[in-house]
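Have a look at the model first, then read on.

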Amino acid sequence: MNTQNNINDIGVVVIGRNEGERLKVCLQSFKQFNVPIVYVDSGSTDGSVEAAKAIGAEVVNLDLSKPFTAARARNEGFAHLTANFPNTQFVQFVDGDCEVVDTWLTAAINTFHQNPKLAVVCGRRKERFPNNTFYNFMCDLEWNTPIGEAKACGGDALMRVDAFKAADGFNNTLIAGEEPELCVRLRANGWKILRIEEDMTIHDAAITKLSQWWKRSVRAGHAFAEGTFMHGNSEEQHWVQETKRAWVWAFIMPLIIITAMVINVKFGLLALMIYPLQLFRLAKKQSQYSQTVALKMAGYSLLGKFAELQGQFSFHYNRLFNKKKQLIEYK
């Protein structure tokens, strides 16, 4: 198989804002492949546009008079790429804070050519500094999803142009969870999403504070609620279980505990024991780690349900009162 000819079928869309040196590393990681690169900038003030041009990327400056979303940025990058490089058959989407592993494109495109039913191929996204903070460590684990046919991909993925076009691309209005939502529609069209056992990108989450992690969890909750609202009644039941779990642990259980406390303090204290029991149950699932690490992970998982519920409330409030959705950014 002529790998170089396969690589020539690929174009790249990078999105970012004020990523600084991380953007340079991201763009440079593609240079060896000699593929067209489109960088979509959303109002950077750190010289990102100039740096991208110097590296050889074509730059699309996003019109910020319209509501910004990563989904819209990717769609506009895709439109520019396919208009200027009409022979592009596959597009690698990547966030500007990620470096692409040098073996990724070859492995991914070869996988595509082995299976014409694939719309998306993704691999392992790894955190650059997983041991800098516990938040980074949890991100690294979150991205280590099972190998094989998958329901969804993340922001870094190689996609088939024809499948992407047929699905009308990303939903511009989504402020989070746009990749899994697109995958719902792709699979409804008969396509498949595959995760292969190959390192794909190195990511720099740079989460150093609880407030950053909380906002990231709020954003996840918003995505769960909106995804359930859009596709929850389908056979897929997109993110229904994730949505329910937040309601159970962050709303229903506290309500039960408060009610029990009002009736009888002993009943309330007994009901309160559900949280340490759940904590140890979750920690037991992480038996490959030390007890301290497992308990810490379980604690964040439980606490995260309250942040996710906040995100759900935000989505439904904006929906019911026709309010403009605001980006939830943690960096």
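Buried means under 20% relative accessible area, exposed over 50%, and partly exposed in between (1.4 Å probe, protein chains only). This is a predicted model, where local features need pLDDT of at least 70, side-chain atom pairs count only at pLDDT 80 or more, and totals for chains, interfaces and linings use all residues. Residues are numbered from 1 along each chain as its sequence is written, and side-chain values use heavy atoms, with hydrogens and water left out.

**Overview**
- The structure holds 19 salt bridges, each being a side-chain nitrogen of Lys or Arg within 4 Å of a carboxyl oxygen of Asp or Glu.
- Side chains of opposite charge can pair when their charged atoms come close.

- Arg72 and Glu76 form a salt bridge at 2.8 Å, N to O.
- Both residues belong to helix 4 (residues 70–84) and sit four residues apart, about one turn of the helix; helices are DSSP runs of H or I with at least four residues, numbered from the N terminus.
- Arg72 is buried at 6% relative accessible area, whereas Glu76 is partly exposed at 28%.

**A pair between distant parts of the chain**
- In the salt bridge of Lys325 with Glu226, the closest N and O atoms are 2.7 Å apart.
- This pair links distant parts of the chain, 99 residues apart: Lys325 lies in the segment after helix 13 (291–320), and Glu226 in helix 9 (residues 210–231).
- Lys325 is partly exposed at 22%, while Glu226 is buried at 6%.

How values were computed: Helices (H or I, at least four residues) and strands (E, at least two) are DSSP runs, numbered from the N terminus.
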